[in-house]
Structures are given as structure tokens and as C-alpha cells.
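Please open the structure in a viewer and keep the selection panel at hand.

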Amino acid sequence: MKLATLKDGSRDGVLVVVDRKLHVCRRVPDISPTLQYGLDHWERIAPRLQAVYEALNDGAPSTEPFIESDCHSPLPRAYQWADGSAYINHVELVRKARNAEVPASFYTDPLMYQGGSDAFVGPWDPIYALDEAWGIDLEAEVAVITGDVPMGADLACAAGAIRLLMLVNDVSLRNLIPNELAKGFGFFQSKAASAFSPVAVTPDELGAAWRDHKLCLPLHVALNTLPFGKPNAGEDMTFNFARLVAHAARTRELAAGTIIGSGTVSNKQGNLHGSSIGHGGVGYCCLAEVRMYETIEKGMPTTPFLRFGDNVRIEMFDADGASVFGAIDQDVVRYDAAGADADARPIAARLRAAAP
């Protein structure tokens, strides 16, 4: 089934069930007011949501149009957001650009960092930043939402806890990263608010595209309406989602509603680490990767990071060409707390409203 969260003026929005074609939806407050509530009571509530989903696909009445731009991220805030780096090609390329070797452990032990999850942005909300000099970059990824996972879960248990999948734009501020990592405590200021696809989808809905706990479909990225990347998310994924979930749960329990990301999707292409769509390759899912490729080939990067006014679109299509999750479609905008949109930046709006 397919689920989404519509903006309604509250922090957590209202849960809707969406039909397979993403044309109509139905609010289900009598079943589950929010997605988090549904995840907390999944075994009892999921069958009821599934019944609504089947009715929608059969043309049931009493629906409303599904409008992607009206959506929050499926979970507008989450108890935990941990992002992996499952595509070692991406790591190899970044390391090669600075003549550094990839440690052997990277091929057997996943990389993962814990991101901010208190306030995601909607899939059609802006990418906000205060300064272009921060090096604003997109990172197109796939993510899963889990149910409860016990500490030390094995791969079978971790796989069984995967409830939903969605896309994510994990925005990075590249020029802030080196100094931050040099402190030895990991990412914080260099990671802006992430945005997730309008729709979250259960694994069974993906059919043959969901195999070996990987989503085996191309991830399409456009930059200012021009094709930028279309790597297959199932290829060159060193660690599948079962492995990533188990890694996250090695020393702690994971609460229902935990989000685990794949890291930037990246495919090897022949003997090269990457090639643009214009040169016959599958392109990229982040600007840092193409800049690293340029550094290797030309001695310096020539592609700029995102600038105010740029647009990023991320989407995935099934074998019939239908959008699976809806699109992440974001403009890059200078942040202004005084004039912030209450829907796009509710915290700034609440602070403004509470000011004397």
C-alpha cells in the first residue's frame, strides 16, 4: 500500500492512504491519525489501512485528489534518522580524488551517521540555507522506515522489521564538512534538513523490484529540469537494507518509526567510477561525486554546488513508467526567519507568532 501525510497546520500532519496511481487519497483519522501512530500499532492497524488501499484502487467514492505539493514528508519528524553509505563506489571516488585509500573495513562494516530528525521538510518545500558559500549539495537516496527492532537483531529479524520505503534528499553543506569532521565528532552543522518523497510504500507493493532487500529501479535526478542522474538503486549496493538495519541495531533497540537511509546512490560504469548522462553514462545523485570525477580527470572541479534559485527533482518510476513514490521537487532558497512560510518552515513561523 501507499501512505502519505498531508499538511494540516499541526507538526505531524494527517495520515492519508493513496491509490496506486497517486491520483486520489483518503484521510483515515478513525484508523490512524498519523503515520507514527500507525507504525506504533502496525500489526493491528496495517490490515485496516490495506483494506482502504484496496478500496481506493477499486474506485471507492468519498476520496479527494492527491496533490503532492500538499504533503509533508511521510514522517514530518521521527524518533531516529540514521543514514548509511551503502554504495562504496561513491566512497571510492571521493577517496581517489584526494589520493587516499579506502580502508578495508569499509567493505565489510557499513558507514552510518545519525542525522537530525526533529523537523524534516516537505518534498516540495525549499532547500533553505543562509549562504551559498556553504556548498549546498543534493544527495538522492532510498530510505526505509522500520517497526520496533531488538538490540542485536540478525538479518532475518532486521529484514522483517522493514515497514515502508521512500526516497530522500539528504542535503549536505559540503564546504562545512571538512572542518567539522576534523573535530572527530561527525556531521552536525554540515547536514541540513532532509526531505522525503510524498509517498511511503510497503515492500510488497514493489513486486520484483524489491529483491535481496534492495530497491532495484533507477533513481532519476534532474537539476534545473535537465537530467543529472539515473543510477539503479539496486546495483553496486554493498550493504542491503537488512544489513543496514541490523548494523543500526547492533548496540541499541530501534523504535518504530526509525528511518534508515542508503546513502547516495552510485553506480560503477565500466572501468570508470562515473559518467554523465550526456556522455552515455547513468550520471550522478550528488554534485560532490561529479566534482570528484572532474578532479580526477581535470585536476580541479568545474561544476558548482547549488545556488539560490536552482531546482532539484528526484523521482523513481516502475517498469510501466508510473511514479512509485511521487517526486521530491525543491527550489534552493535563502532562509529568512522573518518571512518563512508557515507550511515550509513551521518552527520559524511558530517562533514569530509567539514573539511579543
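A residue is called buried under 20% relative accessible area, exposed over 50%, and partly exposed in between (1.4 Å probe, protein chains only). The model is predicted, so local features need pLDDT of at least 70 and side-chain atom pairs count only at pLDDT 80 or more, while totals for chains, interfaces and linings use all residues. Residues are numbered from 1 along each chain as its sequence is written, and side-chain values use heavy atoms, with hydrogens and water left out.

Select C216 to begin. At 14% relative accessibility, C216 is classed as buried. C216 takes part in no disulfide (a pair of cysteine sulfur atoms within 2.5 Å); the nearest cysteine sulfur belongs to C285 and lies 15 Å away. Next, select C25, which is also in no disulfide, the sulfur of C71 being the nearest at 7.6 Å. C25 has a relative accessible area of 1% and is buried. Under the distance rule, the count of disulfides is zero.

Helices (H or I, at least four residues) and strands (E, at least two) are DSSP runs, numbered from the N terminus; two strands pair if DSSP finds at least two bridges between them. Select residues 14-18 and 24-27: these are β2 and β3, which run antiparallel and are joined by three bridges. V17 has R26 of β3 as its bridge partner. Five residues lie between the strands of this hairpin, where L22 adopts a positive phi near 65 degrees.

**A five-stranded sheet**

Which order do the strands take in the open sheet of five? The order is β7-β20-β19-β16-β17, with mixed pairing. The edges are held by β7 (127-129) and β17 (226-229); each has a single partner strand, so one side of each has no neighbour in the sheet. Neighbouring strands are turned by 25 degrees against each other on average, direction ignored (axes are lines fitted to C-alpha atoms, and angles run from 0 to 180 degrees between N-to-C directions). Within the sheet, select β19 (residues 311-316) and β20 (residues 328-334), an antiparallel pair with four bridges. I314 stands opposite I328 of β20.

**Helix α7**

Finish at residues 287-298, the 12 residues of α7. Buried residues of α7 include L287, V290, R291 and Y293. After the helix comes G299, with a positive phi near 90 degrees.

How values were computed:
Expected span 1.5 Å × (residues − 1).
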